[in-house]
Amino acid sequence: METKKLAIIATKGSLDWAYPPFILSSTAAALGYEVEIFFTFYGLQLLRKKLDLQVTPLGNPGMPMPLGMDKWFPVLGTALPGMQSVMTMMMKKKMADKGVASLEELRELCQEAEVRLIACQMTVDLFDMDTADFIDGIEYAGAARFFEFAGESDICLYI
Amino acid sequence: MADFDDELDASGLNCPLPILRAKKSLTAMESGKILHIIATDPGSVKDFEAFSKQTGNSLLESREEGGKFHFLIKKS
């Protein structure tokens, strides 16, 4: 049986959106897939050694909030200072309570399972990012490098 | 419950951890050995069926008992 391939482009750098790339990649690897994730723009935040990702209720009407706040709390209120850190704290606590893995753990499991992590070199230059802030074992490359693998993939996702 | 060689308690863990831990345990086992997995995530019932189908490790048993899910997987 030929090995199946999963290619993912990770473009988002918030706590909630950091999960899908790492959950899907680690699971696919456990199922025997060969996996590559290409991190671009805000997705680069997922490669930092020290993750400090936030979640915001701002402009996100689908986000369930405590005490039914999503039903009665004024939309503008979600822009209040401190709202983002409160929601981030609550989300992290909820995740820990429900036995959802931390991002660090999932990322480590991905690396253990030989999921290849590729950082977009252009984004690194664009935002003057310091590669010393990123975890070890990642590759820096461009769009053509992504297609080398994606072109032969069975599943290709843009997240 | 039939005999098993190794046991993995994934109680309290949520998707995809039970699958990832099971995969890790199976990797360390010899072919033909049986792994008993205990989980509390209701999604794990369908997930272990799918895992077994896709990896070729046979799911010998899947049942619920006292709010926990028990699986027996034989390493291919």
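1. Start with the buried residues of helix α2 in chain B. In this predicted model, they are Ser44(B), Phe48(B) and Phe51(B). These residues span an arc of only 60° around the axis, which puts them on the same side of α2(B). An α-helix has 3.6 residues a turn, so residues three or four places apart point the same way.

2. What covers this buried side? Among the covering elements of chain B are α1 (17–27), β2 (34–39), β3 (58–65) and β4 (68–74).

3. Now turn to the face of α2(B) pointing away from the buried side. Lys46(B) and Lys53(B) sit there, and both are exposed.

4. Next, the helix itself. α2(B) runs over residues 44–55, 12 residues in total. Its first and last C-alpha atoms are 15 Å apart, close to the 16 Å expected at 1.5 Å a residue. Just after the helix comes Gly56(B), with a positive phi of about 85°.

5. The next point concerns both chains. Helix α1 of chain A covers residues 15–30. Its axis and that of α1(B) come within 9 Å, crossing at roughly 35°. The crossing of α1(A) past α1(B) is left-handed.

6. Which residues meet where α1(A) passes α1(B)? From α1(A) come Ser26(A), Thr27(A) and Ala30(A). From α1(B) come Ile19(B), Leu20(B) and Lys23(B).

Conventions:
Residues numbered from 1 in each chain as written. Chains lettered and ligands numbered in written order. Predicted model: local features only at pLDDT ≥ 70, side-chain atom pairs only at ≥ 80, totals over all residues. Helix = DSSP H or I, 4+ residues; strand = E, 2+ residues; numbered from the N terminus. Expected span 1.5 Å × (residues − 1). Buried ≥ 20, exposed ≤ 12 C-beta atoms within 10 Å, placed from the backbone. Arc of directions from axis to C-beta. Contact = placed C-beta atoms within 7 Å. Axes fitted to C-alpha atoms, helices over the stretch in contact; angles between N-to-C directions. Left-handed = near helix turned anticlockwise from the far one by under 90°.
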